Amino acid sequence: MRVPLAVVGLEQADIQKVVEILESGNLTMGAEVRTFESLMANYLGVDHFVMVNSGSSANLLMFEYLLRPSNGKPSLQAGDGVLVPAIAWPTTIWPLIQLGLVPIFVDVNRETFDLNLESARKAISLSKAPVKAIFPIHPLGYAIQPSKLRSFANEFSLVLVNDVCESLGSWSEGLHAGVEGLAASFSFYFSHHITTMEGGGIATNSLEIADDLRSMRSHGWSRDRSDGSSMTEGLSLADSKFRFLTTGYNVRPTEIQAGIGINQVAKINDFVERRRSLANRVAEAIAGTPLNLMGNVDFSNLDSSQGHSWMMIALSVEAGSGMKLMVQEFLEKNGVETRPVLTGNFLQQPAMKRLNGFISDVSLENTDWVAEHCFLIGAHHDFTEEQIIHLIETIKGTSNFS
Ligand SMILES: Cc1ncc(COP(=O)(O)O)c(C=O)c1O
């Protein structure tokens, strides 16, 4: 029996929808994308949602907007520093570097892996680059408290944008993760809470931002903007179809991706509930083993103040890396797939070492502790009961190591 990190997660209705879209002949971005966007905006409680082809593209577009909006003064300029957690996903960091910004790496919180604000405070005081933005990741289904982020951003006059690619369906202080910032990115890659195979998007309450993101995802075009017609006033019909208002990329989603997404949006809360129930069973199974459940979760007290959405399940082995490796090997031998927490300390990745000058000014003690002591197992909502029982029994088998 194998318990992978994720399974495909498509239902018969999703497959049927793909066939219908293929037969309709309407394949490129259109009505299905618009419907998916309005369902997502509604689910997240924001005014606008702009779908793109991946969470990575969503991150890229948010910073493209901050550097080159079609209107007014840019919020950021090349050379500005952006606070990011040292446990990060590559495409949280690459867009910053690619666009000439400077990632300022800060330590994380041990229990929840999110950016530690005390470390961020210190990093600001030590940074040579002017620090102008904060880009927290809400990791693995954990929603960072919006009031904390907001007041930190206000104190230092920082632009606040959120990477929520791992935490759809989580909330804190009554808000979906990340929506308190200027914009928040989401991913619908196949292992995530809902899937459009590949896919992503940006939530924002600003029409101006949403309009520019719509241009930027599609070559910089005036099409699809709420103000598109006023931007092309007085032009011939032919010319008005080819107006470009911003810099841009082609990171558009297809109708097929959106169609699958439409089917899935209504099920987000059910999927999260199934993931939570699995995490609860794992929490019970680790009693008497060397494992601890990370994420700072109180299963008995789930209310509007904090809801974890379990992208994966993070476990720690207090005894250290030797014991952690033995436990991981045991799980893997018994068919339970494991992985590091995101990429571990991102500064230790070969690609980062090749880029001169990207070091941390602050201690990354917690980051290194997480890399040494923690690992992930899957929490997918489509695991079968047989897979779950196998997972639980295998976890109980690690009690031999304590
Ligand atoms: C924190 C974070 N940001 C961005 C991404 C990129 O999302 P995608 O795989 O859809 O490009 C991921 C991917 O899982 C992620 O974990």
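This is a predicted model: local features need pLDDT of at least 70, side-chain atom pairs count only at pLDDT 80 or more; totals for chains, interfaces and linings use all residues.
Ala, Val, Leu, Ile, Met, Phe, Trp, Tyr, Cys and Pro count here as nonpolar, Asp, Glu, Lys and Arg as charged, and the others, Gly among them, as polar.

The largest pocket has a volume of about 420 Å³. Its lining is made up of 24 residues, of which Trp89, Ser187, Tyr189, His192 and Met311 are the closest to the centre. Two elements, α3 (55-67) and α4 (90-98), each give two or more residues to this lining. The most comes from α3, with 3 residues. By class, the lining of the largest pocket divides into 10 nonpolar, 10 polar and 4 charged residues.

The second largest pocket has a volume of about 210 Å³. One part of its lining is Val102, Pro103, Ile104 and Phe105, and another is Ser127, Lys128 and Ala129. Gly357, Phe358, Ile359, Ser360 and Asp361 also line the second largest pocket. Its lining has 7 nonpolar, 3 polar and 2 charged residues.

**Helix pairs**

Two packed helices are described by the angle between their axes and the distance between the axes. The table gives these values for two pairs.

| Helix pair | Angle between axes | Distance between axes |
|---|---|---|
| α3 and α7 (residues 207-216) | about 115° | 10 Å |
| α5 (residues 117-126) and α6 (residues 146-155) | about 10° | 12 Å |

Helix α3, which also lines the largest pocket, packs against α7. Angles from 65 to 115 degrees count as roughly perpendicular, and α3 and α7 are therefore roughly perpendicular to each other. In passing α7, α3 makes a right-handed crossing. On the α3 side the contact is made by Leu61, Met62, Glu64 and Tyr65, which meet Glu208, Ile209, Asp212, Leu213 and Met216 in α7. This contact has 6 nonpolar, no polar and 3 charged residues.

For α5 and α6, the class of the angle follows from another cut-off. Angles under 35 degrees count as roughly parallel, so α5 and α6 are roughly parallel to each other. The crossing of α5 and α6 is right-handed. From α5, Leu117, Ala120, Arg121 and Ile124 meet Lys148, Phe152 and Glu155 in α6. The contact of α5 with α6 has 4 nonpolar, no polar and 3 charged residues.

Key: Residues are numbered from 1 along each chain as its sequence is written. Side-chain values use heavy atoms; hydrogens and water are left out. On a 1 Å grid over the protein atoms alone, a cavity is a set of points where a 1.4 Å probe fits but cannot get out, and a pocket is an open set with protein on both sides within 12 Å along at least five of seven lines; lining residues have an atom within 4 Å of a point. Grid points are joined across faces, edges and corners, and a volume is the space filled by probe spheres set on the points. Helices (H or I, at least four residues) and strands (E, at least two) are DSSP runs, numbered from the N terminus. Axes are lines fitted to C-alpha atoms, for helices over the stretch in contact, and angles run from 0 to 180 degrees between N-to-C directions. Angles under 35 degrees count as roughly parallel, over 145 as roughly antiparallel, 65 to 115 as roughly perpendicular and the rest as oblique. A crossing is left-handed if the near helix is turned anticlockwise from the far one by less than a right angle, and right-handed if clockwise. Contact means heavy atoms within 4.5 Å.
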